[in-house]
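Hello,

Here is the structure I promised to send you. Have a look at it first, and then read my notes below.

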Amino acid sequence: MLGNFTYCNPTRLHFGKDSLDQLKTELANVGERVMLVYGGGSIKKTGLYDKIIAILKECGKKVFEDAGVMPNPTVEKLYEGAAAARENNVDFILAVGGGSVCDYSKAVSVSAHCESDPWEKYYLKMEEPTCRIIPVGCILTMVGTGSEMNGGAVITNHKTKLKIGHVFGTEVYPKFAVLDPVLTFTLPEYQMKAGFFDIMSHIMEQYFSGTDDNTSDYVMEGLMRSLIHSSRIAVKEPRDYEARSNIMWTATWALNTMVAMGKSTDWEVHMIGQSIGAYTDATHGMTLSAVSLAYYRYIMNDGLDKFARFAENVWNVDPAGKTKAELAGAGLDEMEKWMRELGLVMNITELGVKEEMFDGIAEGTFLLDGGYRKLTKAAVIEILRQSR
Ligand code: NZQ
Ligand code: ZN
């Protein structure tokens, strides 16, 4: 049964070609001192940086730059950015990049005026912000995480080998997000594909949980069908606007928290993927693709009805003459074919995972209880073995 909930998503979206034109209007509503956050330099190569600087100047903003946000942003970078935001007394943070830049900006926004160590407060103790929060806006250049319309902020601590996500409340969500699919055309193929599977994984994490009849499951089946269809077009023709714009919109839907309302969710694949990320610094979406089949085959019998429904409604598997288990298995086989067709990473060895890391990765995997089977540390190790 659909549970009770209160829902609010305060992020204003500007979607489509040339939606960057809306930035000027948005900037009119923010303070004068703006911290411009970006990654390793792709925005300079594509010319987006120059366009944004010109708009910021036109709007009379005093700009402070925080560059070099790495994929899987680190706690050291967070400390550095938080200090810079505080020292420069910035009024607003403008994130230009992918999930890493957007997540990092949200983390900085709650850390700049934090009275204690943000890693300890937000990531180890999972406390909520009690300080002044600097508002964030986002211009998205990489599709997948949903960070543009949620409160997620994932930070990696390489010293302690922990990659942890804090899902902050609506006060930390970006105030606005600019989503122009054309800005994602310059993505390297590997990143584009990793993003596709990240989207699929977000939907599956929320779909494979619960046994009730729930509207969100029907919505998610539609989102998965759209993603599968458009991703097949986009890998062949990355500049197909229709496919790329559909994928961008699906990504936002997949993790703007709407489909999770009133239902239970799993997230165990992400927990394993994040721990792999802490050990290898691998690309997020590929850490998920490398373990997903082993995980879902491991838990399939515990959620057989849903896996059978997935096979029929998402992958069009004909149920005639099949037992429920055969139908469920055939659905996962179809998913495997699609993953191979896309050219995703299908094993953890390719990501640099070695057997001697298994114990540590399992230790760093948070064991949640929303899925069809609660894992143990031994079960995580078994899934890692099957993902080699
Ligand atoms: O740093 P630059 O030079 O910009 O290059 C980036 C980066 O190397 C490049 N890139 C991005 N847009 C580009 C581009 N290159 C050319 N043209 C463009 N238009 O792509 C690389 C990857 O970018 P990144 O931001 O790291 O990727 P993604 O969006 O997948 O973000 C990954 C991070 O988000 C977290 C992940 O754990 C990871 O730390 N997640 C955040 C979530 C959330 N907020 O809810 C949920 C997700 O499950 C995920 O955990
Ligand atoms: Zn993800």
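Two of them link distant parts of the chain: histidine 202 sits in helix H7 (residues 189–207) and histidine 270 in helix H10 (residues 268–280), 68 residues apart. Helices (H or I, at least four residues) and strands (E, at least two) are DSSP runs, numbered from the N terminus.

Before you go on, please note that this is a predicted model, in which local features need pLDDT of at least 70 and side-chain atom pairs count only at pLDDT 80 or more, while totals for chains, interfaces and linings use all residues. Residues are numbered from 1 along each chain as its sequence is written, chains are lettered from A and ligands numbered from 1 in the order in which they are written, and side-chain values use heavy atoms, with hydrogens and water left out.

**The two domains**

The chain is assigned domain 1 (12–183) and domain 2 (196–386); such bounds come from an automatic or database domain assignment. Their C-alpha centres lie 27 Å apart. How many residues of domain 1 are in contact with domain 2? There are 27, and they meet 23 residues of domain 2 (contact means heavy atoms within 4.5 Å).

About 2,100 Å² is buried between the domains, with carbon and sulfur atoms giving 64% of that area. Buried area is the accessible area (1.4 Å probe) that two parts lose on being put together, summed over both. Val143, Lys161 and Lys163 supply 28% of what domain 1 buries against domain 2, more than any other three residues.

**Salt bridges**

The count between the two domains is zero salt bridges, although the structure holds 23. The term means a side-chain nitrogen of Lys or Arg within 4 Å of a carboxyl oxygen of Asp or Glu. One example joins glutamate 80 and lysine 77 (3.4 Å, N to O). Because they are three residues apart in helix H4 (residues 75–87), about one helical turn separates them.

Best wishes
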